[in-house]
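Reader: I would like to learn how to read a few features of a protein model. Please take them one at a time.

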Amino acid sequence: MTIEATDPQLAAYPALSAYLAHQSHQSHQSHQSQQGSVPAREGAGEGNRAWPGGGVGALRVRPRVMRRGIVAGAGAVGLLWGSQAEPSARLDALFASGAHLSGLLAGYGILVMLSLMARVPAVEHGVGADRLARWHALGGRYVLSLVGAHMVLALCGYAAYTGNDLLRSAARLLGYPGIVAAAFGTAALGVAGVSSVRAARARLSRETWRALHFLTYLGAALAFAHQLVGPDVASGPPTVWVWAMLHATVAVLIVWYRGIVPVRQALRHGLRVVEVRDESPDVVSVVMRGAGLDALRAEPGQFLRWRFVQRRLWYTSLPFSLSAPVRDDTVRITVKALGVHSRRMRRLRPGTRVLASGPFGAMTAHRRTRRKVLLVAGGVGITPMRVLFETLPAAPGDLTLLYRAGNAAQLVLRDELEAIAAGRGAALHYLLGPSDASFDPLAPQALRNLVPGLAEHDVYLCGPGPMADAAIASLVKAGVPQQHIHTERFSF
C-alpha cells in the first residue's frame, strides 16, 4: 500500500506527514516482495468478458449499437416518407412535403426520447445513465426544432393551397380536431422543453421540474392522436399498425420499468434503515437491510434510486451509489449534504422504509479492457470508487486509487480504503490541498509521476464536475486514450 498526501500546506499536519512517509516506505518494501505473485491477463476490447466480475452473461446494448439503431430508425422514417411522396413543383406541395417529413421525424424523435428514459436494464447498463440523459436532452432540442418546422411548413402549405393569409389559415386549421390535439401536444412539449433550459432549471425545485417534465408524456399522446389522422401514417393499414405498435412498445417499456418493476422490488426486498452514521461533518452513511438483496444484481460502480418513506423525503427519488458491496442482505450509501434532501437524510430514523429501484449505470467492471486500473475520486465521488477498489480483480501493483480532497478532514471512508489497500497490495494516494493551489496534483506530469505506466491503465473517474473535467483533460494530455476513461456524472 502506498499512501501519499500532496498539499502545499502539509507542514500544518506534521503528524500526518510523518505517518504518510512511514506508510510509503513500508508499502514500497511490501510491493517489491509481492510483485509478480499473481499472473496478469490482458483484456481484448470494449465489454471484455475475460475479467472476473465483469458482468458475464449480462445483456448490454453498447453506445455505438444504440446510436446506429437510432440513425437506422430515422432512415426508415425517411424511406416511409419517400415512398409516399409525389414529386411536384407547386409551392403548396413543396411546403406540404417538408411538413410531412418533419412531422414524421418529430414523431419518431419523441419515441426515441421516451425510450432513452424508460430505464431498460440492457440499455442503462450498456450505455450509461448519464449518457442517456445527455442524448435525451439533445434529442429534445431536435424534436422541438422539428415540431416547429412542421408547424410552419404545414401552415405555409395550407395558406399557399387556399390562397389565404397566414392568420386566416391558422384559424381555419384550428377547426380540425386533429390539429387542436397537435397544438395542445406542442404546447406540452414546449413547456417541458423550456423548463429544462439551464437558466429556467436553476430556478425550479427538482420536484417542480419533474412534474413539468411529465408533460412530455401528454405531448407524446396528443402527437400520436394527430399522426393517426395525418396523410402519411394514415395512408394505409400496414403503416398505421407499425406506428401504433412502436408507440405501444415504448409505452409498455415505460410502464413496466418505471412503474411495475420498482413496486415489485419494494414489496420483495422490504428495505429499512438500520443505521445512520456520521463519516464527517457533512457526510453520512445510511445502512439498510432487506431480504433477498442479491437478486438486485447490483454491480460495483452502479447506483440505485432511493425513496425514503419519511416526512419531507418520501416524494423524492434520490440517485446514490453503493459505498460498499451488498453483504448479508445489507446495503450502504454514503451521502454528502449538498442539497435540501441530502441534508435531511441525517435525520433518518432506524426502521424507516426504503423503496429502491435499479441498479443503474455502466461504470462497472465490464468496461475494463486493460490489466492495470487507475481509480480517481474527488470528494464524495469516492463512494463508487471505494466499491471498485475492493472488488476489481487485480494483482498486487496493478490497482491504484487517487483520492482528491481539500484537506485530511474531508477524507471519507479512510480506514476502509487503507485496509483494502493493505490487503490487496494496491496503491492509495491522497491528493490534498485547496483547488486554487499553485501546484495541481492532477496535472499531467504529476499524474505520470504518481502512476508509472499511466497510459497503459484503464481509468475510472468520479467527482464534482469541475474536478472531473480537469482530471479528464490531464489524463488525455498524459497519454491515456479517451476511450479508456470511464466516468458517469449527473447534474440537475
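Reader: Is L114 buried or exposed, and why?

Author: Buried means under 20% relative accessible area, exposed over 50%, and partly exposed in between, with a 1.4 Å probe and protein chains only. L114 counts as buried because its relative accessibility is 11%. This is a predicted model, where local features need pLDDT of at least 70 and side-chain atom pairs count only at pLDDT 80 or more, while totals for chains, interfaces and linings use all residues. Residues are numbered from 1 along each chain as its sequence is written, and side-chain values use heavy atoms, with hydrogens and water left out.

Reader: Where does L114 lie, and with which residues is L114 in contact?

Author: Helices (H or I, at least four residues) and strands (E, at least two) are DSSP runs, numbered from the N terminus. L114 belongs to helix α3, residues 91–116. Contact means heavy atoms within 4.5 Å. Setting aside neighbours within four places in sequence, L114 is in contact with T216, Y217, A220, V250 and I254. V250 is 136 residues from L114 along the chain, yet their C-alpha atoms are separated by 7.1 Å.

Reader: What is the nearest side chain of opposite charge to R404?

Author: Lys and Arg count as positive, Asp and Glu as negative; His and the chain ends are not counted. A salt bridge is a side-chain nitrogen of Lys or Arg within 4 Å of a carboxyl oxygen of Asp or Glu. R404, in strand β8 (residues 399–405), is buried and has no salt bridge; the nearest side chain of opposite charge is D440, 5.2 Å away.

Reader: Which backbone oxygens lie by the side chain of R404?

Author: The side chain of R404 reaches the backbone oxygen of G433 at 2.8 Å. A polar atom of that side chain also lies 3.2 Å from the backbone oxygen of L431.

Reader: How many cavities are there, and which residues line the largest cavity?

Author: Rolling a probe the size of a water molecule over the atoms shows where empty space is left. On a 1 Å grid over the protein atoms alone, a cavity is a set of points where a 1.4 Å probe fits but cannot get out; lining residues have an atom within 4 Å of a point. Grid points are joined across faces, edges and corners, and a volume is the space filled by probe spheres set on the points. The count is three cavities of 30 Å³ or more. The largest cavity, of about 50 Å³, is lined by Q265, A266, H269, G270, L271, L296, V354 and A356. Helix α11 gives the most to this lining, with three residues.

How values were computed: Polar contact = N/O pair within 3.5 Å; in protein donor to acceptor, adjacent residues only side chain to side chain. 1 Å grid on protein atoms, 1.4 Å probe; cavity = no way out; pocket = protein on both sides within 12 Å on 5 of 7 lines; lining within 4 Å.
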